[in-house]
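Here is a briefing on one protein chain. Please keep the sequence and the 3D view open while reading.

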Amino acid sequence: MTMKIDVDEISPVRRKVRVELPRDKVAREFAKAYQNLSQRVRVKGFRAGKTPRNVLQGIYGEEIKGQVRSQLVEDSLGEAIKERGLQIVSRPEIEAEELTDGADFSFSAVFEIKPEIELKNYLGVELEKVKIAITDEQVDQALKRIQESHARLEPVENREIAQAGDFVTLDFTGTIGAKEFPGGKADNYLIQVGGGQTLPEFDKAVDGARRGEAKAVQVRFPDDYANRDLAGKTADFTLVVQEIKQKVLPALDDEFAKEHGECGSLDEMKSKVRGRLEEEFKKYQDEDLKERILSRVIERHGFTPPPAMVERQTRYLMERYQDRAGEGSAPDAPSMEETRKALEARAMRQVQATLLVEKTAQAENIEVQETEVQERIEVLVRAAGERGKTMRQYYSRQEARDELRSQMIFDRTLGYLVEKANVKEVDAPPPKVDDPDKKS
């Protein structure tokens with residue numbers, strides 16, 4: 001008698017496999033286990049490797065039975081899964097009958113599998129994209145940002161009074177009642193007057209303050225203030241403006257272009273900035289196209305992904321969210337339950353996308369060779385700088401290389417879908433103009 005396999009479909013992504021093993025296979029596994037045991041253990045009164053099986057069974061019987069059971073289940077379940085072409089994605093839930101040497105052995109395993117997806121209408125997706133047309137105003141705004149990044153703070157010489165827009169260095173002390181509150185003293189504290197860096201009452205007091213003169217102000221901290229020790233409390237401040245400075249912008253001219261743009265003239269710098277903006281817009285546009293194609297393809301293939309895959313991806317997203325959030329959280333931050341619910345919906349879409357793109361790659365014979373994986377690793381190592389050695393060690397693991405290969409196949413396949421899509425270029429919509437006569 002050979003191994004008997006029955007597979008029941010519990011749901012589109014859940015299977016129950018029943019396996020029945022003949023007694024001779026069970027007997028061979030027991031014989032092998034006791035043979036290995038006799039070589040490993042020494043029993044008083046017997047030479048190594050010569051301990052009778054019945055003696056070993058009396059001492060190690062239950063242990064051997066557990067080992068044989070695990071080995072039979074592992075080997076035969078792996079063979080059954082391979083034979084039936086099941087792509088298992090969850091840990092099997094095993095139920096087994098009593099194992100007896102010299103008797104048949106049966107067990108069942110319930111697990112989740114990747115769904116069977118019948119691809120349809122995944123090529124030639126119709127989409128629109130806006131023609132890239134960078135305006136002179138956008139170029140001027142980008143140049144203004146570069147100019148702002150090279151601004152200098154220079155002392156104000158012709159007046160003693162701070163005003164909106166100034167940058168002031170000040171000292172202050174603060175008390176709540178008779179006690180200095182936490183962080184209630186600061187020297188050489190730099191703020192921009194009217195810049196919204198401080199509470200409104202404090203900011204108002206700085207505006208109009210005379211350099212070198214002490215000024216008193218009372219401030220009430222909001223009830224939802226981030227520092228809970230201060231929230232809802234009133235503090236008395238004494239502040240002294242020490243320095244008044246103004247932001248001075250460099251002139252936007254040919255000299256600026258040579259010094260900060262590596263260009264021969266301002267016109268050349270404008271052209272360079274326009275090209276960079278076009279590249280940035282195209283990159284954003286390409287990513288947007290990929291996301292929209294994924295959404296269309298997912299809509300056309302109504303299937304529920306395996307819950308185990310969704311749960312794993314949700315846990316991964318939750319871990320990333322918690323790492324970014326750190327220990328502190330804003331008072332109005334969503335609860336962990338709300339966050340998990342939102343991330344679970346995102347995980348569902350990501351798993352659907354992964355399964356659909358994987359199926360598409362198989363259908364279109366899209367592959368990534370080992371040499372390509374190695375080339376990508378070398379790029380990542382160079383970009384990592386001082387961490388390059390650690391990254392190379394990480395990708396020496398086959399699991400890490402397989403994960404990178406999967407990501408490369410995903411990216412390549414998604415690019416293929418964009419290439420095969422029917423994308424129509426359209427003019428950008430005219431800017432919205434508020435109607436002054438329209439009442440809200």
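This is a predicted model: local features need pLDDT of at least 70, side-chain atom pairs count only at pLDDT 80 or more; totals for chains, interfaces and linings use all residues.

**The largest pocket**
- The lining of the largest pocket consists of 35 residues.
- T354, E403, S406, Q407 and F410 are the lining residues nearest the pocket centre.
- By residue class, the lining has 18 nonpolar, 6 polar and 11 charged members.

**Packing of α6 and α11**
- On the α6 side, the contact is made by L289, K290, I293 and L294.
- On the α11 side, F410, L414, L417 and V418 make the contact.
- The residues of this contact divide into 7 nonpolar and 1 charged, with no polar residue.
- F410 of α11 takes part in this contact, and F410 is also one of the residues nearest the centre of the largest pocket.

**The loop between β4 and β5**
- I113 sits in the loop between β4 (105-112) and β5 (126-130).
- I113 has a relative accessibility of 3%, which is under 20%, so I113 counts as buried.
- Beyond its sequence neighbours up to four places away, I113 touches P12, V13, R15, L86, Q87, I88, V89 and P306.
- One of these contacts is V13; the C-alpha atoms of I113 and V13 are 5.1 Å apart, although 100 residues separate them along the chain.
- N121 lies in the loop between β4 and β5 as well.
- N121 has a relative accessible area of 54%, which is over 50%, so N121 is exposed.
- The phi angle of N121 is near 50°, a positive value in a residue other than glycine.

**K16 in strand β2**
- K16 belongs to strand β2, residues 14-21.
- With 27% relative accessibility, K16 counts as partly exposed.
- Neighbours within four places in sequence aside, K16 is in contact with D6, V7, D8, I10, S108, A109 and V110.
- K16 and E93 are 77 residues apart along the chain, and their C-alpha atoms are separated by 9.2 Å.

- At 29% relative accessibility, E358 counts as partly exposed.
- E358 and E98 are 41 Å apart in space, C-alpha to C-alpha, and 260 residues apart in sequence.
- N365 is found in the loop between α8 and α9 (370-384).
- N365 counts as exposed, at 63% relative accessibility.
- Phi of N365 is near 55°, which is positive in a residue other than glycine.

Methods: Residues are numbered from 1 along each chain as its sequence is written. Side-chain values use heavy atoms; hydrogens and water are left out. On a 1 Å grid over the protein atoms alone, a cavity is a set of points where a 1.4 Å probe fits but cannot get out, and a pocket is an open set with protein on both sides within 12 Å along at least five of seven lines; lining residues have an atom within 4 Å of a point. Ala, Val, Leu, Ile, Met, Phe, Trp, Tyr, Cys and Pro count as nonpolar, Asp, Glu, Lys and Arg as charged, and the others, Gly among them, as polar. Helices (H or I, at least four residues) and strands (E, at least two) are DSSP runs, numbered from the N terminus. Buried means under 20% relative accessible area, exposed over 50%, partly exposed in between (1.4 Å probe, protein chains only). Contact means heavy atoms within 4.5 Å.
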